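Please find below a set of numbered remarks on the model shown here. They are meant to be read with the structure open.

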Amino acid sequence: MPPVMPYVNQFTGDASFYPPLRKKGRSERSVTLHRLIVMPENSIEDLLQIVSENMPFDTDNLATAIHKLAKLRRNQNAMYETITEDPRWTMLISQVVESGTAFIWPMRLLALVAWAVASLRDRRITPLLFDIAAKRLAMGNVPQDLSSLAWAVATARAKDSAAVALLRQVSLESAKTVQSFGPQDLAMCAWAFAKVAMRDTQLLHLFADEALEKYTELNGQNLSNLVWSLATIREHHEPLMDAVSRTRADTIQGLAQQEFSNIVWSFATLLRTSEMLFRRTAPRVVETARDLDSQHLANIAWAYAKISHRDDGLFYVLSREAMESDRKCSPLNLANLAWAFASAGWHGEMSTRRVGLRDPKFFQWIAESAVAMSPQFTSQNCSNLVWSFATLRIGHQDLFEAMSVQVQGWLISNFDPQHLSNVLWSYAKLAIKNLDLFETTADEIVKRGVEYLARTPQNLSNTVWAYGVVVSKPRHLMAALQHHLTAASGFYDKLTEVRPLGKSSRAQLAMTVLSLHHLGLTDIAWHLFDQISKDGLQAGGEAYSYWLFIAGETRNPQREIDVFEQMARTAHTRGLQGACWNAVVVRCLTLGDESRARRSLQVMDMEELCNPLSEVLRQRLGLPAPRSAVGNIDWRRREKDEHEWVTNSLGFSLRLNKIEYYKEVGTLHYILRNGKHQDVPVIHRAIEAFTREQELWLKLAGDEKGAVLDKVLALQGKAKLVVEVGLYVGYSSTRMASQMRHWGGKVISMEVDPYHAAIARNTIEWAGLTDYIEIWCGHSENLIPRLKERLPEKSIDILFFDQQGTKMHLDLQRIVDFNMLSDRAIMVGDNVLRPGAPQFMYWNSVAGPYETQVVSLREYKQEVVEDWMSVSFWLPHSAEAQIPMTIPEAVEQLGHDTDGIRWQSVESKVSEQQWESHSQRMRREFAACGIKPFEVVPFQDAEGRSQVDLRAKQS
């Protein structure tokens, strides 16, 4: 007779008492039946037929049959209903309920049956089994019971109240006996709690502590499960993670694929860098790559990218293995692989930029694979994929058309603000003007409300930026944006919740400001500026640059002065404050606003910022001497090891020139101290002396490069207009303008960094050349159209590029398209070898309408490192002038690599040896692409000044 159990309900599992456990011997029939049940060739139907012909079963066979059916369903990927709706299955679970078998099963069998029933999603009996298990644990248990039941709940992915109650009982019992747990029990329990996202941090720390005590007993699977558990619930346990990070290379060699994949994934998820661990794991990944499935490949690539551990060889192997035809790659894995390659570069504290691994062949495969399975893409998969292509500037028409269909498909039913804003940003980044997508999105944003999109400021700034780039202006969206951006507790309040503004907030503000102007919402851009000014916040150079661009674009000089004044009030150092206030006064005097100039000088007096230049300006206004003492621009010389880098409170190495403009302010300090007023050669010698005496590198055309500019001016004749892209501190602009003023020529200099522009205004005014040099602040791609608007065609005689090398060719072509070059124009490019300007050099030296030579020289104050300065004569009547610019993929790839070391140098120190190696590599790669220009070497004259003999135009 089976024991009588007075259940409140047949399927709730609430029992009032438990019968004693009984052991039964197994009959010959039972043993024969067991062999029949476990036969490997059994199908689901075979096993269900065995059930119908041989019921009832003894307790062991009952558990075995239930477990075997669950495993068959999983292995055959059959529908749950194939089993759970079959009356023969009902016979099995009815015997469990009616006979009380669950009370007498050993805990191991109870755990197996609990897993089996839960994995079949049969809610009729799962709560009963979990409830019985929880109550039996309270009566006594061993670690294996606890780990087996936790494992059963987790592998079945059960999250109902009975499952939660069982895990809570497991937690309670485990905390009492954790010291008796073996490595396998620790790892299984930790894994189970993390798998069902039950955040029991106290228990997990107990497991981690005990694992450390038994560390030498842990195998690879134990280690993998433990760190995976910590990472899954985002819990840090530094002692255990530190121990794992020091895992020996030979131990890593013994890890299985799942194990080392989980370990690196866990470290990356917790943002726990370990150069040693990732370096030691890479060979093991390469060795076993052919045995890794696509999920492992994607997870490993993601992990290495997440912590910025760049290993080009490893990523190459991962990509080529992923492309093997016998591997099935899901949309999630495709998106993760693309994201990893786009993110596997140098990025960190000071820059929001990423320079990933640009692999055109791999991304072509990703695109083709994604198009084929595009209907399966979720919003997040789609977002990550197109973001990756846009970040690497890789276009693929079919992919973006397919993803556009997907986006518009899930837009209404699954509108996630972050995914949507990322998609729009990606299309705009690649200049893909899919107006249907943007109009459909605008309708949905207005329908749901801008507030929904703007839950985080970045979503809104990305979206506004995207509409600004493609110049899509749906009226209803523009009205909604205007209302939201001017409302209380809107975008601005969320953006400035944390003060001072961080890197991300400053970047979002800058994006929004420029985009509002492009969308015709300039008043809103100034509204944001007024709020920043009212709150006394430092908006960051990028935002100030855009406001200055807007002021110049709209011919609003008072707003320009407002921006420089805000920069002066919020600058990080007194030296930078003094330089910015000087710039304010100079602009006021240039514009005839003497009243505002006097007020600014009064502020400088009150703040004790008076300096030699401010006193020259004060005397020009006929003002009395200041009350405070007149000193030089404030600048404190740091120790040599702090000249370029300091370490902040978080341990990040930060460039001083991006915090306090240390070198640039120091240069101005030398100019005002050692450079004679209105004596340009002496001023230039002061700049060179600063570099030499302080042992600092400055990005300027000093000495040898200055000699090249002198020679270019002589070759061109009396140039009326020089356009310079990259002003910096004003060395090259003053060198050229000091000669051009004698025949009425002038310089227009474009500068993206507003603080550089402010410091350069000091240099230019001290040199007495303010009337001969115009400063246009902003990005060159935004400023070049202004040349067309304000100057006659063919007016540029010399074009000097001293900017990011991989943008030179684009800016040159914009100017050519506007027909702004005179027939005798000369183009000069600085730093075209180091870091490099591959596209510019290819077009100017190989395929375009130019005759080019280069000056081979050593970068200023870095005698080891070779660089080139290019000089190109414009050939407007050549056949090449009639063809569009075309850059081969190999050259584009080289340009991408060039940006890599450029941005690496922003985030970390790059040694002279690394730069020299890069320069020599560029020489080789240039030659392979056909870039073999005529070379000129500078020489010293009798007075020790650099000279250069450029070759005259040959055509």
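This is a predicted model: local features need pLDDT of at least 70, side-chain atom pairs count only at pLDDT 80 or more; totals for chains, interfaces and linings use all residues.

1. The lining of the second largest pocket divides by class into nine nonpolar, four polar and nine charged residues. In total, 22 residues line the second largest pocket. Those nearest its centre are Glu560, Arg587, Glu774, Ile775 and Trp776. The volume of this pocket is about 470 Å³.

2. Which elements give two or more residues to the lining of the second largest pocket? They are helix 31 (541–553), helix 32 (557–570), helix 33 (574–590), strand 5 (773–777) and helix 41 (780–790). Strand 5 provides the largest share of this lining, with five residues.

3. Is helix 33 mostly covered or mostly uncovered? Helix 33 is mostly covered, as 15 of its 17 residues are buried. After helix 33 comes glycine 592, which has a positive phi, near 80°.

4. The next remark concerns the strands. Strand 6 comprises residues 796–801, and six of its six residues are buried, so this strand is largely enclosed by the rest of the structure. For this reasoning the student needs one cut-off: a residue is called buried when its relative accessible area is under 20%.

5. Strand 6 has partners in strand 3 and strand 7. Strand 3 (residues 721–725) and strand 6 run parallel and are joined by four bridges. Strand 6 and strand 7 (residues 821–829) also run parallel, and five bridges join them. Which residues stand opposite isoleucine 798 of strand 6? Valine 722 stands opposite isoleucine 798, and isoleucine 826 in strand 7 stands opposite isoleucine 798 as well.

6. In the loop between helix 42 and strand 7 lies asparagine 819. Asparagine 819 is not a glycine, yet its phi is positive, at about 60°. With a relative accessible area of 29%, asparagine 819 is partly exposed.

7. A positive phi in a residue that is not a glycine is also found at arginine 234, where the angle is about 55°. Arginine 234 belongs to the loop between helix 12 (220–232) and helix 13 (238–245). Its relative accessible area is 49%, and arginine 234 therefore counts as partly exposed.

8. How many cavities of 30 Å³ or more are counted? The count is three. The largest cavity holds about 50 Å³ of space. Its lining consists of Cys189, Ala190, Phe193, Ala194, Met198, Asp200, Leu203, Leu204, Phe207 and Ile233. Two or more of these residues come from each of helix 10 (183–195) and helix 11 (201–213). Helix 10 gives the largest share, four residues. By class, the lining of the largest cavity has nine nonpolar residues, no polar residues and one charged residue.

9. Two cis peptide bonds should be noted. One joins arginine 499 and proline 500, with omega about 0°. Proline 500 is placed in the loop between helix 28 (491–495) and helix 29 (503–518). Another runs from arginine 834 to proline 835, with omega near 0°. Proline 835 is located in helix 43 (residues 832–836).

10. The last remark concerns the chain in general. The protein chain contains 46 helices and 12 strands. Of its 955 residues, 60% count as buried. Along the principal axes, the C-alpha atoms fill a box of roughly 115 × 60 × 60 Å. How many Å apart in space are histidine 34 and arginine 921? From C-alpha to C-alpha they are 70 Å apart, and in sequence they are 887 residues apart. Histidine 34 sits in helix 1 (residues 28–37) and is partly exposed, with a relative accessible area of 27%.

Methods
Residues are numbered from 1 along each chain as its sequence is written. Side-chain values use heavy atoms; hydrogens and water are left out. On a 1 Å grid over the protein atoms alone, a cavity is a set of points where a 1.4 Å probe fits but cannot get out, and a pocket is an open set with protein on both sides within 12 Å along at least five of seven lines; lining residues have an atom within 4 Å of a point. Grid points are joined across faces, edges and corners, and a volume is the space filled by probe spheres set on the points. Ala, Val, Leu, Ile, Met, Phe, Trp, Tyr, Cys and Pro count as nonpolar, Asp, Glu, Lys and Arg as charged, and the others, Gly among them, as polar. Buried means under 20% relative accessible area, exposed over 50%, partly exposed in between (1.4 Å probe, protein chains only). Two strands pair if DSSP finds at least two bridges between them.
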